[in-house]
Amino acid sequence: MNAWQILINYAVIPLVKIAVIVGILSGGIAYLTLLERKVIARLQQRLGPMRVGWHGILQPIADGLKFIIKEDVIPLKADKFVFTIAPAISLIPAFVVFAVIPFGPPDSLWGTGGYVTDINIGLLFVVAVSSVGVLGIILGGWASNSKYPLLGALRSTAQMVSYEVAMGFAIIGVLLVANSLSLVDIVQKQKTMGLWFFFVQPVSFLVYYACGMAETNRLPFDLPEAETELVGGFHTEYSGFRFSLYFIAEYANMITVSSLAVTLFFGGWLRPFPNVAALAFLDLIPPPLWFTIKVLTFLYVFIWVRGTLPRFRFDQLMNIGWKVFLPVAMANVIVTSAVLLSFL
Amino acid sequence: MTSAVADQIVFYTLAALIVGMSLMVILARNAVRSALYLISALIGFAALYVRLKAEFIAGVQILVYVGGIMVLFLFVIMLVSVRRMEHQAKWSHQWKVALVAALVLAAELAYPIVKGRSLFAVKQTPEAVLTKTQNIQTVGEVLYSTYLLPFEIASVLLLVAIIGAVVLAKKRI
């Protein structure tokens, strides 16, 4: 391999892929907000945004412009340096995670693989990097030097740290079946088994998805930003573009949780019943599109749950995390390994 | 040859970064800033582990230290008034004693490193073992065979610490 090939393989191709993914994600997040407002409006028998463009189709662009133009207020007594970088600390991990999530099979995209990179600790990478995002929230809440953000940050930290544990144990169930941490290998394994891991590990999926909702601070687990008690939670003092960074990070995390749920439990880029030849006509839809369809389904469930369920009380939230999800996930790990050892 | 040079450049850049950040941890007046510098240093360590082809350790380093322990650190620091600390003197009058103690400690640390280079030479793991997918399996196998006893002792120690913390923190069990 000469120098040019190395440059193209290790710099140009990944950079192009990163640019495409970041572009699609940013656009997707913008329109996810519109989807959310429309669906919530339908659930509440309203119309939602209707004014900007046809049925509000240009609303996200108007919102984005508004965020950029608005004044950036930094409270007088805030720690300026920390206040400034905290939203970025929250946002960057949310995007970095997509480096290892596979959107297509390894032989797609002219043999370069439908992902930025495939590393042998893929799943650990996702869990580790997304755990860094908490720091942005806790630092933002502290740096505001105001009581509601501080309370929101404390709640949020307690919540995210406790649900991370149950989430980790839920993921171990998949690991045991897949025998690999590489996300590409996990999807390939589902193809060779001819079975989505959801049918092998349903308990693990339910715990994972519920914990995912708690991790992203979404209803019914949105205690960190409970408007009725905390004004706005950790981002009360944030305005303009800095606020929008937190906002984008939250939606990016929703997409991460959905993508990971699809990759781990619903066959990633695979079509339904990947080994049934009679359904080969489903291959007309390319793998990345299958992936997108599945992710959109999960995002819809996120919004649907938000429109349906009331908020938990904080002690209920902690109880359900430590006393229900964690023991169930641990039991699932024990049962799975016992079954794997004795029957396979 | 060139890759060896690049390797050295990566190592010394990371090492300089870690040393610099570690210094800032103790030099910063604001405890939250100190925590931020410590986080940067810990991420630098994770990068060093990646360079050593220990990706699993690198991932665990980020997950446990940055995502777990540092969050708890910040949790505690947030509840203490940081503003008061900012007005305290940075240098105490005991710096001469501290300098001597630090030099003695440095000598103490240097001795086993220099001596141990030949005495406890770590067996080089063959490249083939370190290739893709083998990394985590290798760590797991070694933990449950060669290093079983130290591993179990460490886990019992942690368990004792957890139970101790619960007993100390709860008034009524």
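Me: Is Q45(A) buried or exposed, and how many other C-beta atoms are within 10 Å?
Reply: Q45(A) counts as exposed because 6 other C-beta atoms lie within 10 Å, where a residue is called buried at 20 or more such atoms within 10 Å of its own, exposed at 12 or fewer and partly exposed in between, with C-beta atoms placed from the backbone. Please keep in mind that this is a predicted model, in which local features need pLDDT of at least 70, side-chain atom pairs count only at pLDDT 80 or more, and totals for chains, interfaces and linings use all residues. Residues are numbered from 1 along each chain as its sequence is written, while chains are lettered from A and ligands numbered from 1 in the order in which they are written.

Me: Where does Q45(A) sit, then?
Reply: Q45(A) lies in the loop between α1 (3-43) and α2 (59-69) of chain A, with helices (H or I, at least four residues) and strands (E, at least two) being DSSP runs numbered from the N terminus.

Me: What is the phi of Q45(A) near?
Reply: The phi of Q45(A) is near 55°, which is positive in a residue other than glycine. Most residues other than glycine have a negative phi.

Me: And what about the phi of N179(A)?
Reply: N179(A), which is not a glycine, has a positive phi of about 65°, and its place is the loop between α5 and α6 (183-193) of chain A. N179(A) counts as exposed because it has 12 C-beta neighbours inside 10 Å.

Me: Which element of chain A has the lowest mean pLDDT?
Reply: Among the elements of chain A, helix α9 (residues 227-230) has the lowest mean, 66, whereas helix α8 (residues 202-215) has the highest, 89.

Me: How many residues does the contact take from chain A and from chain B?
Reply: The contact takes 21 residues from chain A and 18 residues from chain B, two residues being in contact if their C-beta atoms, placed from the backbone, lie within 7 Å. On the side of chain A that touches chain B, α4 (122-143) and α5 (147-178) each supply at least two residues, and α4(A) gives the most, with 11 residues.

Me: Last one, how many helices and strands does chain B have?
Reply: Chain B has 7 helices and 0 strands, and 12% of its 173 residues count as buried.

Key. pLDDT = per-residue confidence, 0-100.
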